[in-house]
Amino acid sequence: MGSVKTVFLAIFALAISSTESATDNKVVCYYNSQAFNRPGNGKFDLAFIDPALQFCTHLIYGYAGIKEENNNIIPLDESLDINKQNYKQVTDLKRRFPGLRVLLSVGGNQDISGEDSDKNMKYRTLLESVETRLAFVNSAHNLVKTYGFDGLDLAWEFPETKPKKIRNKISSWFVNLKHKIVGESVVDDKAEDHKEQFIALVREIKNVFRHDGLLLTVSQLPNVNSTVYFDPRQLSPNVDFVTLQAFDYRTPDRNPKELDFPAPLYELLDRKYDENVDYQVRYWLSHGLPANKLILGIPTFGRAWKLNADSGLTGVPPLETDGPADPSQYTNKAGLLSYPEICNKIANAKEIQAGYLGKLRKVNDPTKRYEQEYEYWNVSDVTNRYGSYAFRLPDSNGENGIWVGFEDPDTAGNKASYAKAKGLGGIALLDITLDDFRGTCTSDHFPLLRASKYRL
């Protein structure tokens with residue numbers, strides 16, 4: 001009898017621990033406040049946010065910036081953040097969602113001025129002395145406390161790596177040989193110093209924040225070299241978690257003439273070995289960040305290029321392209337599509353097979369809006385490795401072709417499953433304002449967020 005009781009208690013304890021570990025998984029929801037200014041159905045009012053917050057453990061408000069003259073943190077949109085009290089309205093959400101933690105993020109590639117290569121230099125200059133760092137720390141502490149945020153997220157604007165062409169093994173060998181002879185291009189000749197200074201900044205913020213129980217997190221922005229700017233082992237004691245924004249390895253802005261999967265889970269043949277989720281996760285874990293402090297970022301948007309006569313007929317990347325797709329109705333930004341813009345354009349496979357090519361041959365009116373008549377040919381990621389894409393071939397005039405790489409509920413769920421299998425601390429959706437918050441694709445609002453949460 002005693003042995004039976006012992007077994008029962010062990011099973012009960014295991015069940016309780018499993019429940020606790022499941023609830024420990026974080027679902028970090030990034031909220032870009034500038035979605036309020038998007039046109040038409042892309043506009044995101046705070047009234048839309050409630051259905052998302054039942055899934056979110058953390059809400060990260062983006063974005064604040066830095067005032068170059070005094071190194072203080074500042075609202076990037078004072079009219080919205082302060083005058084219209086958006087800061088206060090967001091932090092007040094905790095009254096309806098008591099378990100929610102709300103953080104303010106600074107940087108995020110939104111605080112950029114000028115067009116030269118040093119447009120985000122102030123983020124490095126700030127790091128270079130104790131006085132400038134402390135000016136930032138004190139102003140951040142004051143801003144966070146004043147408006148009721150639970151902490152600060154550092155989406156620090158370190159310089160991005162330079163975009164690379166896709167090369168086969170032979171051409172890659174010649175490029176590597178060239179780098180050995182003349183050296184690789186350097187984007188920051190003080191990178192090692194900035195790496196150490198960033199660690200110092202994190203330590204100084206945490207020393208001030210811990211007295212008030214405030215959180216400190218770090219977001220690694222896309223295309224910022226982890227090995228150059230981040231020391232996971234030294235960051236670990238002073239951060240609550242790190243969000244790995246492992247996407248945008250290929251974008252229309254960085255790669256206007258050659259498209260590819262923007263956020264592959266695993267390495268692709270003849271691509272750069274580090275431009276995938278799995279490599280980045282393994283780097284952070286192998287260099288000292290505990291798995292429970294690493295959050296995997298999942299994009300809610302698609303990257304879109306124009307297809308031309310040289311792009312071929314298959315849609316299979318990599319492909320030659322004609323630059324970013326035209327600005328869309330929701331985002332109003334070239335090469336960027338929100339998830340609802342994509343899912344509402346994906347055609348039924350049987351309809352495509354029956355009539356797509358036949359209709360294509362009948363297009364004679366170049367003034368007709370082709371995208372309203374013809375939908376995208378969707379290609380799901382049956383491998384669970386690279387992500388889904390959809391495309392539309394150019395019309396008879398060589399126009400209106402488009403290719404978009406994106407996450408759908410299946411691929412977003414696959415990334416959440418990957419995070420779970422690796423024992424990571426959770427997932428992050430970047431950002432919820434580009435998910436289907438109106439429920440136009442299905443009856444469910446925020447389908448990417450829902451799918452990710454359930455798979456986690």
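**Cavities, cores and salt bridges**

Good morning. The second largest cavity is lined by Ala263, Pro264, Leu265, Asp381, Asn384, Arg385, Tyr386, Gly387, Glu407, Thr411, Asn414 and Lys415. The model is a predicted one, in which local features need pLDDT of at least 70 and side-chain atom pairs count only at pLDDT 80 or more, while totals for chains, interfaces and linings use all residues. Residues are numbered from 1 along each chain as its sequence is written, and side-chain values use heavy atoms, with hydrogens and water left out.

On a 1 Å grid over the protein atoms alone, a cavity is a set of points where a 1.4 Å probe fits but cannot get out; a pocket is an open set with protein on both sides within 12 Å along at least five of seven lines; and lining residues have an atom within 4 Å of a point. Points are joined across faces, edges and corners, and the volume is the space filled by probe spheres set on them.

The second largest cavity has a volume of about 60 Å³. Its lining divides into four nonpolar, four polar and four charged residues. Here Ala, Val, Leu, Ile, Met, Phe, Trp, Tyr, Cys and Pro count as nonpolar, Asp, Glu, Lys and Arg as charged, and the others, Gly among them, as polar.

Two residues of that lining, Glu407 and Lys415, join their side chains in a salt bridge, at 2.6 Å from N to O. A salt bridge is a side-chain nitrogen of Lys or Arg within 4 Å of a carboxyl oxygen of Asp or Glu. Are these two partners buried or exposed? Glu407 is buried, at 3% relative accessibility, and Lys415 is likewise buried, at 3%. Buried stands for under 20% relative accessible area, exposed for over 50%, and partly exposed for what lies in between (1.4 Å probe, protein chains only).

I turn to the largest cavity. Its volume is about 100 Å³, and 15 residues line it, with Pro262, Ala263, Gly405, Phe406 and Glu407 nearest its centre. Strand β10 gives the most to this lining, three residues. Helices (H or I, at least four residues) and strands (E, at least two) are DSSP runs, numbered from the N terminus. By class, the lining has eight nonpolar, four polar and three charged residues. How many cavities of 30 Å³ or more are there? The count comes to three.

Next, an open space. The second largest pocket holds about 1,200 Å³. It is lined by 41 residues, and Gly108, Asn109, Gln110, Arg303 and Lys333 are closest to its centre. Two or more lining residues come from each of β1 (26–32), β2 (58–67) and β10 (301–307).

In total, the structure holds 18 salt bridges. Another of them pairs Arg254 with Glu160 at 3.1 Å, N to O. These two are 94 residues apart. Arg254 is buried at 16%, whereas Glu160 is partly exposed at 31%.

Now the nonpolar interior. A nonpolar core is a set of buried Ala, Val, Leu, Ile, Met, Phe, Trp, Tyr and Cys residues joined through side-chain atoms within 4.5 Å. The largest such core has 106 residues, of which Leu59, Phe136, Leu152, Leu154, Trp156 and Phe198 touch the most other members. Helix α8 (residues 191–209) supplies its largest share, seven residues. A separate core has ten residues, including Trp305 and Trp403.

Finally, the backbone. Most residues other than glycine have a negative phi, and most peptide bonds are trans. Which bonds are cis? The bond from Gly62 to Tyr63 is cis, with omega near 0°, and Tyr63 belongs to strand β2. The bond from Pro317 to Pro318 is cis as well. Positive phi values occur at Asp270, near 65°, and at Asn332, about 55°. Asp270 is partly exposed at 31%, while Asn332 is exposed at 53%. Thank you.
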